[in-house]
Amino acid sequence: MAATLDWLSIVWIWLATLTGHIVAFVFRRRAAVLRPLWLIMLAALSVRLVPAILWQRGDTFDIGVYTLWAEMLWQGQDIYAIPDLLTRHNWLPFQLYLIAAADALASRFQLSFVTLVKLVPILADTGIAALVYRGALALTADERNALRLALIYAFNPVSVLVVSYHGQIDSIPLFFALAAWYVLQFTHSRFGAIFSGALLGLAILDKTWPVIFLPILALQVRGWRGRIAWAAAAIGVPALGVAVYSALFAVIASQVVGNVGAYQSFAGNWGWTQILLLVTGSLQRVGDFALIGKAFFVFAFVLFYVFVAPRQSALAAMTTVVLLFFAITPGLNFYYVMWLLPFALLTCALTWYHRFVSLSFLWLALFYFGTYLPNWMSELIPPNAFIALAILLWLITVAWLAMHLKQITWPRIDPYLALLILFSVFAIGPLLGPGYFWGAHDGRHSVYFLFEFDRVIQDGILYPRWLPDFTFGYGYPFFNIYGPAAFYIGEAFHLFGFDFVSSTKIVFALAILLSGPAMFGFVKRLTGSSQAAFLSGLAYVYIPYHIADIYVRAALAESFALIFLPLTLWGFYEVTLRPTRLTLVAAAAAYGAMWFTHNAIAILFTPVLAIWVLFLMLGEIRKRPIPNPYSLIPTGRFTVSNLFSLGLPPLAALFFGLGLSAIFVIPMALEYSAVRVDQWTANYYDYSNHFVSLFQLFNPTWGFGISVPGTRDGMSFQLGAVPVLLAILSIGVVVTNPNGFRRYWFFFAGMTVVVALLMFALSLPLWEALRLVMFAQFPWRLLTLTTVSLAVLAGAIVYSEKSQGLALPTILLGVLIVLGSYPFLTAQTQLEAKEGPVGLVGLMKFQQSAGEMTGSTAWVKEIPTWSNMADVYLAGKRVKTKIDLTAEPQPEWVGVDQSGKGLRADGERIFIVSQANDVPITFNTFYYPGWRAYITPEFGNEIIRELPITPVGELGRMQVRMPEGRYWLILRFEDTPPRIVGQWLSAVSIVLALGLLVWEFRSQRKAHA
């Protein structure tokens, strides 16, 4: 019976498609007799509703999942908390309510659940046909053509298969996304814009893929106020939907969002990964390349939104972004092909539409009905026909995308910048292979910092400070004293679907690929020479210490901070010499980002920045000559007024940057004394054991070991033979430079020499006087600063303000820089760490073996080497409470949530029954400012009073003394006054920065008008 219905379905779809095209052809020649919109909707609904009623099966897997969703929801269970459903529902919760409603109607009126599930998607697909008509009519004012296009969609076989046969729901978000475009395009009012945002928000709430349209439509809204209102509606609707679900099922919103972000399709069944699977025959190999493909996917989308979307209409950009998705995604579910159909029709790309639909239908039909073919017909179809159709369909999509992009007027890109990015790709080579450099100095640290960061984010804490599992479960305020920017980037990729190791490798890759262009922009602005900027950017990427920072040290935050050093110099150059609102915000943003990424690097770099600004100010003063009757040489106007006028903008930018990063900087500065730092400055970490000898700065040997006392270090401290050679050879160019730029080269040459001297033992008195050890820890860490100065000097050899086009000598020098460091581009990779997979068990083992993630607070007198909590994790169990249940005395009853939900990253909630006063409870958590204890009534959530917390014992654990009674005890990590002040300062600074940018853009627009 099922086979007969499937054959009837093929006949029905072909007849409906043929009829639809005949009708469309007729209405192309003659005017419509009926009202067009009703005709379209009636036709579309009939074509979809009849097969949905007849075919009571749908896709077995998906219909089974829908049934399971409905059962779980009516039982009051959280879908996102059920392990079996984690990979089956990776969307926001709107669709769940439709499924539950279908189940209720089916039970109440004895109707078919399968048909009811398909009903809303059918109505949405019918609505798409109507929107195609209305959109085409509004765009062209040609009613016959609009009717024709709408009928083509109404009778298209692809969406009929996906919606009516399969039972997929993609037509719902597609309808809302298309409606959002239509309302925004043709309703010119503030309410219309807000309504458009709400429609896109509904699309995202139903299924998250329409988020790819969000930046495109945002660009179409007029004015910043309108864009903010539109974005608030687009983001607010899904946020509200998640909040409602969280309230109904008592779940944490971040768990819902995190599960959505983890969605990924199977690599190997579409596009380039399918070709790779055919070539290699290894799913493991395809998976490794798919991780790279995901990173490229994100990078390509960023480039699209920056360079392509602003140059296209909203409709064209939406078409392009779907084509781009189909062309480069590592995995694609087959029913996604219906996304493109309405956009193709509205852009009148009928030739490509028919090619795409024909192949899509054959591909889908072979997938859906291939198992029911007669034997004689199966023998006629080649074994790999399904794969061949998929690859051919992908190739058509790629060709369609290429033709679409050819119509765009592209901005002119500096060829040297493009060449720099191309040459920089070699530096990320070791990151592209399988495995990870687990044995690097901070290789495991970087991964587990991100792991713990994610653990806190998943508990709904958007700004992590306290990491609960560090130091064997006693906790540590790591991100209260360590810049979190690099880990926010890594967390974004993890939520996108990458594992922790891959996310860490992507951040390392970004640190390489973005640092070169940052240096390029700075040197290009300084000199006007693309050739010099190219060599400087390339030298910055390939200087040995930069490579060692990634592949030997694996210092994630420090590597990422290197992006902001040249950007900060550039920003303060602009704000000192040409202060505007825009340059003020840019300089502050770069400086604040440096602080937010790596505070130690920011502290070391700030004196360099101050000297740079002073140097620029003195140079600017010299350009303001006044006559001097006692000298033949005019002197500059070196006055207090000049100094004040020149120094005020950079000083404002500096404090503005600190304000932007105040959420981190103020608590870090004021609460740094609340952690123990002696463990990081004594014994091995004694800075006097790590000075560098002169020959080590030029020693070309390489190693993966650590720094040791003396000169037999296992790692390299070389400046880099090629950058140093280029800097020396550039002396001739610098000396003969007639345009006044040579003073910049002298500044960076002096910077190189001074910083190098600070790495020698002869500077020991200066280290002790300035207490540099508080910031640098190792003298050779100052190599971070020489990477900047040497990179700038390396470009001087080809300085030419009048250079045009690509010059072969410059390219050859670039090749020399790459070859000079190419032997160092290697990493000691292994597939898995000796502690096993990344997780709590691995974290405990790592802390025990390394002894370097056992930070402690100032109240800890004896640093622990293990804990009972670590035993629980090692046994594969979950820690349900941090209370020390072995301590005496105890309250009569301590009620712990056995599901573990009472224990969170930021505290714990337990029920207490005590028949005596002043009964102590000790928590296996280090004391640190911000921990608060409250009691609430047995039935109610209002706080009765706060209880004092006392650090006790050698471990400095928290102890709370309990009063008599029955109540809930809440232990919570809250914000202290410095943290509150920092948050408010950052919030005010961000609002001020946005206000200055809006003010600047409006001023420029008025000036151009």
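**Figure 1. Packing of helices α5 and α6 in the predicted model**. Helix α5, residues 113-140, packs against helix α6, residues 143-154, at an angle of about 155 degrees, and their axes are 8 Å apart. Angles over 145 degrees count as roughly antiparallel, and α5 and α6 are therefore described as roughly antiparallel to each other. The crossing of α5 past α6 is right-handed. On the α5 side, the contact is made by Asp125, Ile128, Ala129, Val132, Tyr133, Ala136, Leu137 and Thr140. On the α6 side, Glu143, Asn145, Ala146, Leu147, Leu149, Ala150, Tyr153 and Ala154 take part. By type, the residues of this contact are 12 nonpolar, two polar and two charged.

**Figure 2. The largest nonpolar core, with Trp612 and Phe748**. This core holds 188 residues, and Trp612 and Phe748 touch the most other members. Helix α25, residues 500-527, supplies the largest share of the core, 13 residues. Leaving aside residues up to four places away in sequence, tryptophan 612 touches Phe522, Leu526, Leu569, Tyr573, Tyr744, Phe747 and Phe748. Another core, of 137 residues, lies apart from the largest one. Its members include Leu131, Val158, Leu217 and Tyr305. In soluble globular proteins, nonpolar side chains tend to be buried together.

Figure 3. Proline 889 belongs to the loop between helix α42 (868-874) and strand β3 (893-895).

**Figure 4. Alanine 554, a residue with positive phi**. Alanine 554 is not a glycine, yet its phi is positive, at about 55 degrees. The residue is placed in the loop that links α27 (544-551) and α28 (556-561). The relative accessible area of alanine 554 is 0%. Residues under 20% count as buried, so alanine 554 is buried.

**Figure 5. Aspartate 918, in the loop between β5 and β6**. Aspartate 918 has a phi near 60 degrees, a positive value in a residue other than glycine. The strands on either side of its loop are β5 (907-914) and β6 (919-926). Relative accessibility is 47% for aspartate 918, which therefore counts as partly exposed.

Key:
Residues numbered from 1 in each chain as written. Predicted model: local features only at pLDDT ≥ 70, side-chain atom pairs only at ≥ 80, totals over all residues. Heavy atoms only, no water. Axes fitted to C-alpha atoms, helices over the stretch in contact; angles between N-to-C directions. Helix = DSSP H or I, 4+ residues; strand = E, 2+ residues; numbered from the N terminus. Parallel < 35°, antiparallel > 145°, perpendicular 65-115°, else oblique. Left-handed = near helix turned anticlockwise from the far one by under 90°. Contact = heavy atoms within 4.5 Å. Nonpolar A, V, L, I, M, F, W, Y, C, P; charged D, E, K, R; others polar. Buried < 20%, exposed > 50% of the residue type's maximum accessible area, 1.4 Å probe, protein only. Core = buried A, V, L, I, M, F, W, Y, C linked by side-chain atoms within 4.5 Å.
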